[in-house]
Amino acid sequence: MSYTINGKLVDKYSKEGVPFANIFLISDPTKGTTTGYDGNFTFEVPNIDSMVGISQIQYRNIQLSAGDLNYKTTRLDPQSQQVGEVEVKAKKWLPYVLYG
């Protein structure tokens, strides 16, 4: 028997929906779904005690039981990432070729 859970992921501070977050089973990460543009999701789990992982590049990863997500709004904590030194290289582009 499986269970369908529904919920919404929102930003902890702005309370806006978090689009395209990954929601997956910890026991089998190949089974998962993503939130819609508004942060809502529907996901089928083997049982209500299944552990579920949530990841989105701009937020801290979390793990919760499926029961803790079902019919609830879950707040995700933003995380800032610092980027090291960036080097940009460019080549000169000629828009035409001369034939002689």
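1. **Make-up.** The model is a prediction. The protein holds 7 strands and 1 helix. Read from the N terminus, the order of elements is β-β-β-β-β-β-α-β. The helix, α1, covers residues 66–69.

2. **Burial and surface.** The protein has 100 residues, and 27% of them count as buried. Its accessible surface comes to about 7600 Å². Carbon and sulfur atoms account for 52% of that area.

3. **Contacts along the sequence.** Take the contacts between residues at least 6 apart in sequence. Of these, 50% join residues at least 24 apart.

4. **The four-stranded sheet.** β3, β2, β5 and β6 form an open sheet, in that order. The pairing is antiparallel. β3 (32–34) and β6 (59–65) have a single partner strand each, so they stand at the edges, and one side of each is left without a neighbour in the sheet. From one strand to the next, the twist averages 15°.

5. β2 spans residues 22–25 and β5 spans residues 51–56. The two pair in the antiparallel sense over 4 bridges. Leu25 gives a point to check by eye: its bridge partner in β5 is Val52.

6. **β1 with β4.** Strand β1 runs over residues 3–11, and strand β4 over residues 40–45. Their pairing is antiparallel, with 6 bridges. Tyr3 stands opposite Val45 of β4.

7. **β1 with β7.** β1 also pairs with β7, residues 72–76. Here the sense is parallel, over 5 bridges. Lys8 has Thr73 in β7 as its bridge partner.

8. Asn70 sits in the loop between α1 and β7. Is Asn70 buried or exposed? Its relative accessible area is 16%. The cut-off for buried is under 20%, so Asn70 counts as buried.

9. **What Asn70 touches.** Leave aside residues up to four places away in sequence. Asn70 then touches Thr4, Ile5, Asn6 and Ile48.

10. **Places to look.** Leu25 and Val52 mark the β2–β5 pairing.

Note on methods
Residues are numbered from 1 along each chain as its sequence is written. This is a predicted model: local features need pLDDT of at least 70, side-chain atom pairs count only at pLDDT 80 or more; totals for chains, interfaces and linings use all residues. Side-chain values use heavy atoms; hydrogens and water are left out. Two strands pair if DSSP finds at least two bridges between them. Axes are lines fitted to C-alpha atoms, for helices over the stretch in contact, and angles run from 0 to 180 degrees between N-to-C directions. Buried means under 20% relative accessible area, exposed over 50%, partly exposed in between (1.4 Å probe, protein chains only). Contact means heavy atoms within 4.5 Å. Accessible areas come from the Shrake-Rupley method with a 1.4 Å probe; for residues, only the protein chains shown count as cover.
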